[in-house]
Amino acid sequence: MSASQFAYVPGPGKGPCMALTTIYLSILEHLDSASGAVRVLSIDLSKAFDVITHTSILDACNSFQIPLQAYQWIKSYLSDRKQRVKLGDETSDWIDITSGVPQGSVLGPLLFCMTTNKLSPIRKNSTIIQYADDITLLHFIRNPNDDKLHEEFAHLEQWAQSLSLSINRNKCSVMDVVTKQNLVLQPLPNVHSVSHFKLLGVMLSSDMKWASHIDFIVKKASRRMFLILNLRRANSPPDVIFKAYCAFIRSLLLYSFPVFCNIPAYLKQRLLRLEKRVFRLLGERTDDFPSLFSTADRICRRVFEEIARHTDHPLRRFFTHRTSRTRCTANLHPPRCKTSRFSESFIKYSL
């Protein structure tokens with residue numbers, strides 16, 4: 001499976017958090033090395049899981065050279081599917097289904113990822129990150145001659161058409177992260193140019209700051225506080241209230257924390273104030289409960305330990321490798337950074 005696919009694929013470094021961290025660190029790495037720009041193109045595929053053809057899926061299975069018995073089983077799984085519509089006492093005729101992967105199945109998302117596996121950019125200064133049907137293209141620019149995003153977009157449209165998919169330009173967006181002020185970038189026709197957008201549940205901004213994301217998750221978490229209040233009114237034990245807080249609120253605050261672990265102190269205080277509200281409702285000593293950022297720190301350190309263990313981890317390329325003279329085999333160190341934003345990002349956990 002392509003290394004650009006982060007969904008429904010076994011192996012280290014997969015999932016939405018790693019996809020987002022790869023995107024964010026890639027942007028910071030480029031801007032840290034020299035001034036320029038990164039154009040972040042978010043692609044929306046219209047009803048991708050429903051319209052991808054069974055022929056394309058079976059062709060992809062052939063390209064993976066899976067065993068004949070497995071291929072025949074998948075072919076049988078997709079064949080002879082029918083559907084009809086019933087409204088009251090009226091029923092339509094049966095029609096054959098020749099496209100789409102079965103929704104809610106375990107095999108469906110994997111078949112989709114196999115079918116879209118060959119997607120790759122045509123320019124060396126572009127990178128594609130996929131999470132199922134969510135496609136993000138990063139276009140790295142040093143000077144105006146490097147800006148070939150329109151060619152990449154045309155290539156994406158041709159690729160989509162080859163699989164009977166369609167790109168909805170009205171729902172696509174491009175966000176330009178620019179550090180060279182006199183750099184003129186070409187707009188994409190019929191594609192919205194935005195200063196921030198939500199990607200896999202995280203708000204990314206063109207200024208590479210996290211105020212909009214913290215606003216987003218604090219407002220969402222505040223709406224869930226009624227659950228904690230109701231548990232308190234019901235005289236639930238403190239450990240039950242804390243578990244409910246971790247499940248419904250803290251999980252939201254810490255989602256993909258390795259991406260925005262470099263948030264400044266004033267944004268950390270906003271998250272801590274929300275947690276203090278919960279701890280006040282507990283009404284007893286909270287020393288036994290781990291704090292928000294101690295938990296966040298453990299999450300990031302576990303991720304780095306996984307990177308150190310697996311040489312094929314997608315985040316490993318952001319660290320330098322040095323052979324140790326001790327009995328330890330190898331150490332990972334952060335690269336040399338020119339900007340504090342890059343040095344304070346997730347790579348700081350290698351120290």
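Trainee: How do α3 and α5 sit, what is the crossing angle of their axes?
Mentor: This is a predicted model. In it, the axes of helix α3 (residues 54–63) and helix α5 (residues 107–115) cross at roughly 75° and come within 8 Å. Angles from 65 to 115 degrees count as roughly perpendicular, so α3 is roughly perpendicular to α5.

Trainee: Which residues in α3 and α5 meet?
Mentor: From α3 there are S56, I57, A60 and C61, and they meet L111, M114 and T115 in α5. By type, the residues of this contact of α3 with α5 divide into 5 nonpolar, 2 polar and no charged.

Trainee: Next pair. At what angle do α7 and α10 pack?
Mentor: Helix α7 (residues 211–222) and helix α10 (residues 265–282) pack at about 5°, and their axes are 10 Å apart. Angles under 35 degrees count as roughly parallel, and α7 and α10 are therefore roughly parallel to each other.

Trainee: And which residues make that contact?
Mentor: On the α7 side, A211, I214, D215, I217, V218, A221 and S222. On the α10 side, Y266, L267, R270, L271, L274 and R277.

Trainee: How many of the residues in the contact of α7 with α10 are charged?
Mentor: There are 3 charged residues, along with 9 nonpolar and 1 polar.

Trainee: Switching to charges, then. How many salt bridges are there?
Mentor: The count comes to 9 salt bridges. One of them pairs D176 with R39, where the closest N and O atoms are 2.7 Å apart.

Trainee: Where do D176 and R39 lie?
Mentor: D176 is in strand β8 (residues 173–178) and R39 is in strand β1 (residues 37–43), so the pair ties together parts that are 137 residues apart in sequence.

Trainee: Which residues line the largest cavity?
Mentor: The lining is made of Y24, I27, M175, L204, S205, M208, K209 and W210. As for elements, α1 (16–33) and β11 (202–205) each supply at least two residues of that lining.

Trainee: What about the lining of the largest cavity, how does it divide into nonpolar, polar and charged?
Mentor: The lining of the largest cavity has 6 nonpolar residues, 1 polar and 1 charged.

Conventions
Residues are numbered from 1 along each chain as its sequence is written. This is a predicted model: local features need pLDDT of at least 70, side-chain atom pairs count only at pLDDT 80 or more; totals for chains, interfaces and linings use all residues. Side-chain values use heavy atoms; hydrogens and water are left out. Axes are lines fitted to C-alpha atoms, for helices over the stretch in contact, and angles run from 0 to 180 degrees between N-to-C directions. Helices (H or I, at least four residues) and strands (E, at least two) are DSSP runs, numbered from the N terminus. Angles under 35 degrees count as roughly parallel, over 145 as roughly antiparallel, 65 to 115 as roughly perpendicular and the rest as oblique. Contact means heavy atoms within 4.5 Å. Ala, Val, Leu, Ile, Met, Phe, Trp, Tyr, Cys and Pro count as nonpolar, Asp, Glu, Lys and Arg as charged, and the others, Gly among them, as polar. On a 1 Å grid over the protein atoms alone, a cavity is a set of points where a 1.4 Å probe fits but cannot get out, and a pocket is an open set with protein on both sides within 12 Å along at least five of seven lines; lining residues have an atom within 4 Å of a point. A salt bridge is a side-chain nitrogen of Lys or Arg within 4 Å of a carboxyl oxygen of Asp or Glu.
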